2 protein chains.
Amino acid sequence: MKERQFIDWIRSRTALEPETVPVGPGDDCAVMMIDGKRVLATTDQALDGVHFVLSEHGGSAAGRKAMARNLSDVAAMAAVPVAALATVALPRSARTSQAEDIYNGMREIADRFDCPIVGGDVGVWSGPLAISVTVFGRTAGNGKPVGPILRSGAVPGDAICVTGRLGGAWRSRRHLTFTPRIEEAITLARKYEIHAMIDISDGLAADLHHICEESRVGARVAAEEIPIHEDAKLAGPETQDALSASLGDGEDYELLFALPPQDAHKLIQDQPLGVCVSRIGEILPGDRVSLVGFDGKDQDLLPEGWEHATGNGD
Amino acid sequence: MKERQFIDWIRSRTALEPETVPVGPGDDCAVMMIDGKRVLATTDQALDGVHFVLSEHGGSAAGRKAMARNLSDVAAMAAVPVAALATVALPRSARTSQAEDIYNGMREIADRFDCPIVGGDVGVWSGPLAISVTVFGRTAGNGKPVGPILRSGAVPGDAICVTGRLGGAWRSRRHLTFTPRIEEAITLARKYEIHAMIDISDGLAADLHHICEESRVGARVAAEEIPIHEDAKLAGPETQDALSASLGDGEDYELLFALPPQDAHKLIQDQPLGVCVSRIGEILPGDRVSLVGFDGKDQDLLPEGWEHATGNGD
């Protein structure tokens, strides 16, 4: 069961009217028209044993992550979160304090972006903890609307940029504490002509593939330009191990985006975000996604990430 | 862990601005203002072993129910569903065909109401099947808006009415095949002054309590007037068993509502819905909810339903 295949299957069966649903499944958020207004919506779950380990990380971290993942999807569209809903399936063994922890964890990060939790559903069952969150958004900018920025707008010649540093987010538990790049995304969309954007949840390699598939383009990134996180070095002793981690680990929740080279040039000089932006490659015609290694050699970069001869690619 | 207590705890911690979120947690849908337009949203989960039994009912029935429960919450506001999102946590043992069945089950009932599934998330984990659905709605009526109808508008003197027949929905599997009363609710809201409405998921007794708590009123219903479903007779050999089932079983997804007595009189005469509407009692001052039994005696009707001396109340 590959999620991507399943989404493709769903899309093939979904005939959406562009007037009511301009953006359907397959982007970070859906975009709907409700009474003539654009409403964005995204939903993502956080499951015990997959996205967190309840016994290790606790309910508050689980709730926070469930909410933050969705806020990050709103950021990926350069949109503004408006409200959230959540369902929680609690293990029968859970105490009331754990349910409160989960809620408090959600609130902590939602409050940071003035995103009230307006509804939800709590159930108790024999399974592990499952949290599902839906966040609505609106386009940013009053008067002069900004975005939403889709995955599908990259064109050959665009520069590829990324915020922050990548790799090792799970090992270092950064995946539980990251702050969604909502403000950064809006600044980017206001000041530069961002053609396509995604948040890095599956990993740089996989998410770059998502942009390329939706935009029907190829891409080349350079190992030397990839901002490898300190935490990625936990993956192994070699530089190649850390590179692998930065390409394949995922859970970074940084912004990956494409923009015209002159805008990228200005952006890299301006560095207007508080977090560093790196220019890591370029969009190309075709459908090949490749990595120029430290040795200068161009090789295929698969969605699964990249494994050097002796590494495990995590 | 009582869901009601937890929702109360959440509400006590939620300071919503009425300008942005006119209706927060505690009603069938939340109501938000997005760019000056009212958007309704509701979320509910369907869990294996709680809301369905996957091995017995199959994926399609599970998906259908997850969607239908949410559409029923939109009906309870007399609103129109616009779009849905869903997350699915699939057991590791699930086959691709099961995921497709779940999706097809959701689509079957969503399509019936022109409610496209615009986004979602599928994950595989070691737990049982968990489905979470969010549905957005808009107010009904073009030009002359109808609703949304809340739980909180009942006033003493109102008549209490209910659509259809109640009880035995789980045993007979009606809970897997019901059609949300969306069209019926809109017709009611268009033609009559509906003060408060809810869909019966927890059971007539519990959901009547919900209306009374939100409206700060009491109520009295008459056993003789309650439309007991044929399926409720599966609960036991006595009339009292069937009455218990109709009060406590839940999962009927019928509409329970309060309206002025003269409107109720007209409604009962008109019977405009295709499904029969019954007048079962009245809203009273205070906070007592009571049942006039077949013996004419007035007794407390608890949210848990009603158990006659020899019955089990199920």
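Modeller: Two residues are in contact if their C-beta atoms, placed from the backbone, lie within 7 Å. Keep in mind that this is a predicted model.

Biologist: Leaving aside neighbours within four places in sequence, with which residues is Leu234(B) in contact?

Modeller: Leu234(B) sits in the loop between β8 (218-222) and α6 (239-248) of chain B. Residues within four places in sequence are set aside. The contacts of Leu234(B) are then Gly168(B), Arg171(B) and Ser172(B).

Biologist: Does Leu234(B) count as buried, exposed or partly exposed, and why?

Modeller: Burial takes 20 or more other C-beta atoms within 10 Å, and exposure 12 or fewer. Leu234(B) has 17 C-beta neighbours inside 10 Å, so it counts as partly exposed.

Biologist: And β9 of chain B: how many of its residues are buried?

Modeller: Strand β9 covers residues 255-259 of chain B. Leu255(B), Phe257(B) and Leu259(B) point one way from β9(B), and Leu256(B) and Ala258(B) the other way. Both sets are buried. The strand is largely enclosed by the rest of the structure, because the buried count is five of the five residues.

Biologist: Over to chain A. Which are the edge strands of its open sheet?

Modeller: Five strands form the sheet, in the order β1-β2-β5-β3-β4, with mixed pairing. An edge strand pairs on one side only, which picks out β1 and β4 of chain A.

Biologist: What is the bridge partner of Val31(A) in β2(A)?

Modeller: β1(A) and β2(A) pair in the antiparallel sense. Five bridges hold that pairing. In β2(A), the partner of Val31(A) is Leu40(A).

Biologist: At about what angle does α2(A) run to β2(A)?

Modeller: Helix α2(A) lies across β2, β3 and β5 of chain A. Relative to β2(A), the helix runs at about 145°.

Biologist: Which helix gives the largest share of the side of domain 1 of chain A that touches domain 2 of chain A?

Modeller: Chain A is divided into domain 1 (3-139) and domain 2 (159-300). Their C-alpha centres lie 24 Å apart. The contact takes 18 residues from domain 1 of chain A and 18 residues from domain 2 of chain A. On the domain 1 side, 11 residues come from helix α2 (residues 54-75) of chain A.

Biologist: How do the residues of the side of chain A that touches chain B divide?

Modeller: The contact between the chains takes 51 residues from chain A and 51 residues from chain B. On the chain A side, β4(A) gives the most, with nine residues. By class, that side divides into 30 nonpolar, 15 polar and six charged.

Biologist: How are the two copies related?

Modeller: Chain A can be laid on chain B with an RMSD of 0.0 Å. That takes a turn of 180° and a shift of 0.0 Å along the axis. The copies are therefore related as by a two-fold rotation axis.

Biologist: In chain A, which residue has the C-alpha nearest the axis?

Modeller: The C-alpha in question lies 2.7 Å from the axis. That atom belongs to Gly127(A).

Key. Residues are numbered from 1 along each chain as its sequence is written. Chains are lettered from A and ligands numbered from 1 in the order in which they are written. This is a predicted model: local features need pLDDT of at least 70, side-chain atom pairs count only at pLDDT 80 or more; totals for chains, interfaces and linings use all residues. Domain bounds come from an automatic or database domain assignment. Helices (H or I, at least four residues) and strands (E, at least two) are DSSP runs, numbered from the N terminus. Ala, Val, Leu, Ile, Met, Phe, Trp, Tyr, Cys and Pro count as nonpolar, Asp, Glu, Lys and Arg as charged, and the others, Gly among them, as polar. Copies are superposed by least squares on the C-alpha atoms of residues with pLDDT of at least 70 in both. Two strands pair if DSSP finds at least two bridges between them. Axes are lines fitted to C-alpha atoms, for helices over the stretch in contact, and angles run from 0 to 180 degrees between N-to-C directions.
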